[in-house]
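Visitor: I'd like to learn how to read a model like this one. Could you walk me through it, feature by feature?

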Amino acid sequence: MPRRALITGITGQDGSYLAEYLLSLGYEVWGLVRGQANPRQSRISRLVSDLSFVYGDLMDQASLVSAVDKVQPDEVYNLGAISFVPMSWQQAELVTEVNGMGVLRMLEAIRMVSGLTAPHRGTEAGIRFYQASSSEMFGKAAETPQSENTGFHPRSPYGVAKVYGHFITKNYRESFGMYAVSGMLFNHESPRRGAEFVTRKISLAVARIKLGHQDKLHLGNLDAVRDWGFAGDYVRAMHAMLQQEEPGDWVIGTGAMHTVRDAVEIAFDHVGLDWLDYVVVDPDLVRPAEVEILCADIKRASAALNWQPTVTFPELMRMMVDSDIQQVGREHEFGDLLLAANW
Ligand code: NAP
Ligand code: G4F
């Protein structure tokens, strides 16, 4: 029998790469999709015939119980979230509900369907659970790089909700013996990244400027430092975490630090333009509380999961610019992206 996985957030960047990866490993892959959302119009449109779908929403407990009961998965990957950090200051309660309480609801669905009322040895049997935790939890971190032992100081309602999701995952592991892991992933990008995130906002703008469709690129804090990797690499780590003998918490990143300014320079250089002629710093895009510096210490993950990133940051930025140069030619398909790029 093939192993069966249920992915929440399958229409997102990570969901699309994870679905592809699990299919390549021979899994039967199910995606939780919301309401009238149509997977055929999303990032996974090419995969639709190889996937199965079940309706559900992280805001709706009963829908999650039904979904888990119907699919009877071996592994659940909880990637669903409102993932754009600035949105969390505008809709803090909603983001807390989806990104925080949504994790509890999914854990409860697994617990109910598995009939878990008392501790059991979850490492031997039962549904394995992956929670998409975030380096945003480290926030104003007391040390750099950040490891599994670094304390949390989240700086946004998004980060606070992810801290709740992390600890409730750990708590269900400790309370019920569930095989529940928290993957603390640092920023990861790709040509499928949402256009509101800074790397994609830059790659899309560079492509549009190069092709004569845009004049300027408005950005916020150019000094922010991130550890950016390739999303296709990071989904391999998610899967590896669920194959370990014991469940745990893992930090995944590249260990390399770059500023937003570096990203801009690499992207404009790639098409032979000087970024200073195009980039405008817009104070409205600076966040109420910024995470200034994030960098992963991946010693534990690289040793125990045998995992390494394969794409460097300059390669990643160039990959995204090349892809957007192809895509911008088909501008009519990108009306929504261009709107989002005004963030
Ligand atoms: P993304 O592209 O924004 O995708 C988010 C997904 O969540 C979409 O499929 C969306 O579905 C779904 N979703 C939103 N609200 C939902 C709800 N109420 N119920 C069920 N599903 C819902 O995000 P991503 O970059 O792939 O990230 C995946 C996960 O990793 C997220 O939890 C994110 O917070 C976390 N994370 C990401 C990074 C990163 O750098 N990418 C780093 C650390 C952690 P619709 O299509 O229906 O809107
Ligand atoms: O690309 P960003 O919006 O990503 P951010 O906020 O780091 O969050 C992403 O990574 C997290 C993991 O650390 C995930 F949990 C989360 O879901 C998401 O995937 O912003 C990166 C940096 C920030 O410091 C921001 O202030 O870029 C800076 N920045 C400067 N100008 C900008 C802009 N960010 C955006 N989105 N747009 C700008 O114009």
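Guide: Happy to. Let's begin with the make-up of a ligand shell: sorted by class, the residues around ligand 1 are 9 nonpolar, 10 polar and 5 charged. Keep in mind that this is a predicted model.

Visitor: Which residues are closest to ligand 1?

Guide: The shell holds 24 residues, and the closest are T11, D14, D57, S83 and Y158. A polar side-chain atom of T11 sits 2.5 Å from an oxygen atom of ligand 1, and an N or O atom in the side chain of Y158 is 2.6 Å from an oxygen atom of the ligand. R193 has a side-chain N or O atom 3.2 Å from a nitrogen atom of ligand 1.

Visitor: How much of ligand 1 does the protein bury?

Guide: On its own, ligand 1 exposes 900 Å², and the protein buries 87% of that. The elements giving two or more residues to this shell are α1 (13-24), β5 (128-134) and α5 (157-176). The largest share, 3 residues, comes from β5.

Visitor: And ligand 2? Which residues come nearest there?

Guide: Of the 24 residues around ligand 2, the nearest are S134, S135, Y158, R287 and E290. By class, that shell has 10 nonpolar, 7 polar and 7 charged residues. For the atom pairs, a polar side-chain atom of S135 lies 2.5 Å from an oxygen atom of ligand 2. A polar backbone atom of S83 is 2.6 Å from an oxygen atom of ligand 2, and Y158 places a polar side-chain atom 2.7 Å from an oxygen atom of the ligand. Taken alone, ligand 2 exposes 720 Å², of which the protein buries 96%. Here α6 (198-210) and β8 are the elements that give two or more residues to the shell.

Visitor: Let's turn to helices. Why do residues three or four places apart point the same way in an α-helix?

Guide: An α-helix has 3.6 residues a turn, so residues with that spacing point the same way. Now try α2, residues 61-71, whose buried residues are S63, L64, A67, V68 and V71. They lie on the same side of α2 because they cover an arc of only 130° around the axis. The face turned away from that buried side carries the exposed residues A62 and K70.

Visitor: What do the buried residues of α2 pack against?

Guide: Their partners are β1 (4-8), β2 (28-33), β3 (52-55) and α4 (92-114). Check the helix ends too. At the start of α2, a side-chain oxygen of D60 comes within 3.3 Å of the backbone nitrogen of A62. Just after α2, Q72 has a positive phi of about 50°.

Visitor: Now a loop residue. Is D223 buried or partly exposed?

Guide: D223 counts as partly exposed because its relative accessibility is 47%, and the cut-off for exposed is over 50%. You'll find D223 in the loop between β8 (217-219) and β9 (225-226).

Visitor: What is D223 in contact with, beyond its neighbours within four places in sequence?

Guide: Leaving those neighbours aside, D223 is in contact with T259, R261 and E292. With R261 there's a side-chain to side-chain polar contact of 2.8 Å.

Terms used
Residues numbered from 1 in each chain as written. Chains lettered and ligands numbered in written order. Predicted model: local features only at pLDDT ≥ 70, side-chain atom pairs only at ≥ 80, totals over all residues. Heavy atoms only, no water. Buried < 20%, exposed > 50% of the residue type's maximum accessible area, 1.4 Å probe, protein only. Helix = DSSP H or I, 4+ residues; strand = E, 2+ residues; numbered from the N terminus. Arc of directions from axis to C-beta. Contact = heavy atoms within 4.5 Å. Polar contact = N/O pair within 3.5 Å; in protein donor to acceptor, adjacent residues only side chain to side chain. Near = heavy atom within 4 Å. Areas by Shrake-Rupley, 256 points an atom, 1.4 Å probe, with all protein chains shown as cover. Nonpolar A, V, L, I, M, F, W, Y, C, P; charged D, E, K, R; others polar.
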